[in-house]
Amino acid sequence: LRQILGIDENTEIRIQETAEKIREKFNLTGVLIVTNDGLPLVGAMPEGQDLNIWSSLAAQMFQKFEQSDCGIPPSLGRPCHYVLCLNNSWFTIWHDHGIFLVLLHPADFVTPQFDLQNASLMRELARHCQQPTTAA
(Lines give C-alpha, C1' and ligand atoms only; values in the text may rest on other atoms or scores of the structure.)
Protein backbone atom coordinates (compact mmCIF):
# COMPACT_ATOMS: atom_id res chain seq x y z
CA LEU A 1 0.00 0.00 0.00
CA ARG A 2 2.89 2.33 0.81
CA GLN A 3 4.41 1.82 -2.62
CA ILE A 4 1.12 2.30 -4.47
CA LEU A 5 0.30 5.51 -2.60
CA GLY A 6 3.86 6.83 -2.52
CA ILE A 7 4.05 6.85 1.28
CA ASP A 8 7.47 6.89 2.93
CA GLU A 9 8.46 3.66 4.68
CA ASN A 10 8.83 5.45 8.02
CA THR A 11 5.40 7.08 7.88
CA GLU A 12 2.51 5.34 9.60
CA ILE A 13 -0.45 4.62 7.33
CA ARG A 14 -3.64 5.76 9.05
CA ILE A 15 -6.94 4.60 7.62
CA GLN A 16 -8.38 8.07 8.24
CA GLU A 17 -5.96 9.54 5.70
CA THR A 18 -6.00 6.66 3.22
CA ALA A 19 -9.16 7.68 1.33
CA GLU A 20 -7.83 11.19 0.71
CA LYS A 21 -4.43 9.84 -0.39
CA ILE A 22 -6.13 7.45 -2.84
CA ARG A 23 -8.31 10.28 -4.19
CA GLU A 24 -5.32 12.58 -4.71
CA LYS A 25 -2.94 9.94 -6.12
CA PHE A 26 -5.35 8.69 -8.79
CA ASN A 27 -7.15 11.99 -9.45
CA LEU A 28 -10.53 10.56 -8.43
CA THR A 29 -13.62 12.59 -7.65
CA GLY A 30 -14.34 10.59 -4.50
CA VAL A 31 -13.29 7.56 -2.45
CA LEU A 32 -15.12 5.64 0.26
CA ILE A 33 -13.81 2.70 2.31
CA VAL A 34 -16.57 0.53 3.78
CA THR A 35 -16.66 -2.36 6.25
CA ASN A 36 -18.12 -5.74 5.27
CA ASP A 37 -21.38 -4.95 7.08
CA GLY A 38 -21.88 -1.74 5.10
CA LEU A 39 -20.65 0.85 7.59
CA PRO A 40 -18.61 3.73 6.17
CA LEU A 41 -15.08 3.55 7.57
CA VAL A 42 -13.63 6.66 5.95
CA GLY A 43 -14.48 8.74 2.91
CA ALA A 44 -13.36 11.61 0.76
CA MET A 45 -16.49 12.18 -1.33
CA PRO A 46 -17.74 15.40 -2.90
CA GLU A 47 -20.54 17.46 -1.41
CA GLY A 48 -23.92 15.90 -2.09
CA GLN A 49 -22.73 12.28 -2.01
CA ASP A 50 -24.17 10.54 1.05
CA LEU A 51 -21.55 8.21 2.55
CA ASN A 52 -24.19 6.09 4.29
CA ILE A 53 -26.14 5.45 1.09
CA TRP A 54 -23.03 4.44 -0.87
CA SER A 55 -21.66 2.26 1.91
CA SER A 56 -24.91 0.32 2.33
CA LEU A 57 -25.34 0.03 -1.47
CA ALA A 58 -21.86 -1.47 -1.82
CA ALA A 59 -22.49 -4.17 0.77
CA GLN A 60 -26.04 -4.94 -0.39
CA MET A 61 -25.09 -5.16 -4.06
CA PHE A 62 -22.43 -7.81 -3.47
CA GLN A 63 -24.67 -9.71 -1.05
CA LYS A 64 -27.57 -9.81 -3.53
CA PHE A 65 -25.40 -11.09 -6.35
CA GLU A 66 -23.84 -13.75 -4.12
CA GLN A 67 -27.26 -14.92 -2.92
CA SER A 68 -28.88 -15.11 -6.35
CA ASP A 69 -28.22 -16.95 -9.56
CA CYS A 70 -27.04 -14.03 -11.65
CA GLY A 71 -26.25 -16.19 -14.67
CA ILE A 72 -22.50 -16.28 -14.13
CA PRO A 73 -21.16 -19.84 -14.35
CA PRO A 74 -19.56 -20.87 -11.02
CA SER A 75 -16.40 -21.86 -12.90
CA LEU A 76 -15.76 -18.15 -13.59
CA GLY A 77 -15.83 -17.28 -9.89
CA ARG A 78 -17.54 -14.31 -8.29
CA PRO A 79 -17.28 -10.69 -9.45
CA CYS A 80 -14.76 -8.61 -7.48
CA HIS A 81 -16.05 -5.25 -8.71
CA TYR A 82 -18.93 -3.51 -10.42
CA VAL A 83 -19.09 -0.33 -12.47
CA LEU A 84 -22.22 1.82 -12.16
CA CYS A 85 -23.33 4.92 -14.00
CA LEU A 86 -26.01 6.91 -12.19
CA ASN A 87 -27.02 10.34 -13.50
CA ASN A 88 -23.71 10.71 -15.36
CA SER A 89 -21.74 9.89 -12.22
CA TRP A 90 -19.47 6.85 -12.59
CA PHE A 91 -18.75 4.58 -9.64
CA THR A 92 -16.56 1.51 -9.38
CA ILE A 93 -17.20 -0.63 -6.32
CA TRP A 94 -14.56 -3.20 -5.28
CA HIS A 95 -14.75 -5.93 -2.65
CA ASP A 96 -11.93 -7.97 -1.11
CA HIS A 97 -11.59 -9.71 2.28
CA GLY A 98 -14.40 -7.84 3.99
CA ILE A 99 -13.57 -4.36 2.74
CA PHE A 100 -15.38 -2.37 0.04
CA LEU A 101 -13.76 0.43 -1.91
CA VAL A 102 -16.12 2.85 -3.68
CA LEU A 103 -14.50 5.08 -6.30
CA LEU A 104 -16.25 8.04 -7.95
CA HIS A 105 -14.60 8.99 -11.25
CA PRO A 106 -15.13 10.33 -14.79
CA ALA A 107 -16.42 7.94 -17.47
CA ASP A 108 -13.13 7.95 -19.37
CA PHE A 109 -11.41 6.34 -16.37
CA VAL A 110 -13.16 3.03 -17.13
CA THR A 111 -10.27 1.28 -18.88
CA PRO A 112 -8.44 -2.03 -18.44
CA GLN A 113 -5.49 -0.09 -16.95
CA PHE A 114 -7.80 1.56 -14.40
CA ASP A 115 -9.13 -1.88 -13.44
CA LEU A 116 -5.64 -3.36 -13.03
CA GLN A 117 -4.46 -0.39 -10.97
CA ASN A 118 -7.48 -0.61 -8.69
CA ALA A 119 -7.28 -4.40 -8.35
CA SER A 120 -3.76 -3.96 -6.94
CA LEU A 121 -4.90 -1.09 -4.74
CA MET A 122 -7.85 -3.12 -3.41
CA ARG A 123 -5.64 -6.13 -2.60
CA GLU A 124 -3.18 -3.99 -0.66
CA LEU A 125 -5.91 -2.02 1.09
CA ALA A 126 -7.61 -5.24 2.22
CA ARG A 127 -4.25 -6.58 3.44
CA HIS A 128 -3.59 -3.35 5.34
CA CYS A 129 -7.05 -3.35 6.97
CA GLN A 130 -6.55 -6.94 8.15
CA GLN A 131 -3.36 -6.11 10.03
CA PRO A 132 -3.67 -5.92 13.82
CA THR A 133 -3.66 -2.42 15.20
CA THR A 134 -2.15 -1.09 18.39
CA ALA A 135 -3.72 1.46 20.70
CA ALA A 136 -2.08 4.86 20.64
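Analyst: Helices here (H or I, at least four residues) and strands (E, at least two) are DSSP runs, numbered from the N terminus. This is a predicted model, in which local features need pLDDT of at least 70 and side-chain atom pairs count only at pLDDT 80 or more, while totals for chains, interfaces and linings use all residues. Residues are numbered from 1 along each chain as its sequence is written, and side-chain values use heavy atoms, with hydrogens and water left out.

User: What do the side chains of arginine 23 and glutamate 20 meet in?

Analyst: They meet in a salt bridge, with 2.4 Å from N to O; the term means a side-chain nitrogen of Lys or Arg within 4 Å of a carboxyl oxygen of Asp or Glu. In general, side chains of opposite charge can pair when their charged atoms come close.

User: How exposed is arginine 23, and what about glutamate 20?

Analyst: Arginine 23 is partly exposed at a relative accessible area of 25%, and glutamate 20 is also partly exposed, at 28%. Buried means under 20% relative accessible area, exposed over 50%, and partly exposed in between (1.4 Å probe, protein chains only).

User: How many salt bridges turn up in the whole structure?

Analyst: A search of the whole structure finds three. One of them joins glutamate 124 and arginine 127, at 2.5 Å from N to O, and these two residues sit three apart in helix H4 (residues 112–130), so about one helical turn separates them. Glutamate 124 is partly exposed at 22%, and arginine 127 is partly exposed at 46%.

User: Which residue does arginine 14 form a salt bridge with?

Analyst: Its partner is glutamate 12, and the closest N and O atoms are 3.7 Å apart. Glutamate 12 is exposed at 53% relative accessible area, whereas arginine 14 counts as partly exposed at 44%.

User: Changing topic, is leucine 125 buried or exposed?

Analyst: Leucine 125, which lies in helix H4, counts as buried, with 0% relative accessibility.

User: Which residues does leucine 125 touch?

Analyst: Leaving aside residues up to four places away in sequence, leucine 125 touches Leu1, Ile15, Thr18, Ile33, Ile99 and Leu101, where contact means heavy atoms within 4.5 Å. Threonine 18 is 107 residues from leucine 125 in sequence, yet their C-alpha atoms are 8.9 Å apart in space.
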